[in-house]
Amino acid sequence: IYHSTDVTHSGQVKDLVQATLGAFGKLDIVFCNAGINPYRTNILNTTEDNWREVLDTNLTGVFLTCKYCLPPMIENQGGSIVVTSSQVGLVAQKDRITYGTTKGALISFVKCMALDCAPFNIRVNAVCPGRVRTELTAKLPDWKERGALYPLGSRGTPEDVAYAGVYLASDEAQWVTGVAL
């Protein structure tokens, strides 16, 4: 099913959870993948509105999604939550003050959630992709130059990230929690 949701609004997130439970009867897997990166600025060039917009989507959106998905997962006695962070959350990049801050915070969020959720048999992990070749990033002028920074070159695809998410959500990762992959 498809249920359009603005993750910055708790009412819409609650509606999403109810729609999921109505369609499937339970909730086993949550993939928090909504995020934005519209501003490539440093702190001096970042407006307060820009700061709040990115934090609301990238951080508060994950908080709200997890907060309202957890009760049915606890009732279900287990499950898996996967959060999309970023390589920028692990290693800082120039002119990524808001995006880097949110993605770094998500890694800590995932580690805290993993400890809080372990008693309920709920695993919480993060995927931290580097630059992935998408329609948007392929047009960036430094694509080849940046790709050279990766040991395997610039071959990352959306499918590569999806495979990592599927693994973390699957029973094959039943002993994995609190990891930033």
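I count a residue as buried under 20% relative accessible area, exposed over 50% and partly exposed in between, with a 1.4 Å probe and protein chains only. Helices (H or I, at least four residues) and strands (E, at least two) are DSSP runs, numbered from the N terminus.

This is a predicted model, in which local features need pLDDT of at least 70, side-chain atom pairs count only at pLDDT 80 or more, and totals for chains, interfaces and linings use all residues. Residues are numbered from 1 along each chain as its sequence is written, and side-chain values use heavy atoms, with hydrogens and water left out.

**Entry 1: strands**

I looked up β3 first. Six of the six residues of β3 are buried, so the strand is largely enclosed by the rest of the structure. I then checked its two faces. Ile-122, Val-124 and Ala-126 lie on one side, Arg-123, Asn-125 and Val-127 on the other, and all are buried.

For pairing I asked that DSSP find at least two bridges between two strands. β3 pairs with β2 in the parallel sense, over six bridges. In that pairing I found Gly-79 opposite Ile-122 of β3. β2 also pairs with β1, again parallel, over four bridges. Here Ile-29 has Ser-80 of β2 as its bridge partner.

**Entry 2: nonpolar cores**

I took a nonpolar core as a set of buried Ala, Val, Leu, Ile, Met, Phe, Trp, Tyr and Cys residues joined through side-chain atoms within 4.5 Å. Which members of the largest core touch the most others? Among its 21 residues they are Ile-81 and Val-124. At least two core residues come from each of β1 (29-32), α2 (48-75), β2 (79-84), α4 (97-117) and β3 (122-127). α4 gives the largest share, six residues.

I listed the contacts of Val-124 (heavy atoms within 4.5 Å). Beyond neighbours within four places in sequence, Val-124 touches Ile-81, Val-110, Met-113, Ala-114, Cys-117, Thr-177, Gly-178 and Val-179. Another core, of nine residues, lies apart from the largest one and includes Val-132, Val-161, Ala-164 and Leu-168.

**Entry 3: positive phi**

Most residues other than glycine have a negative phi. I noted two exceptions. Gln-77, not a glycine, has a positive phi of about 65°. Gln-77 sits in the loop between α2 and β2 and is exposed at 64% relative accessibility. Asp-95 has a positive phi near 60°. Asp-95 belongs to the loop between α3 (87-90) and α4 and is partly exposed at 26% relative accessibility.

**Entry 4: Ile-1**

Where does Ile-1 lie? I found Ile-1 in the segment before α1 (10-24), exposed at 71% relative accessibility. Leaving aside neighbours within four places in sequence, Ile-1 is in contact with Ala-19, Thr-20, Ala-23 and Phe-24. Ile-1 and Phe-24 are 23 residues apart in sequence, and their C-alpha atoms are 9.7 Å apart.
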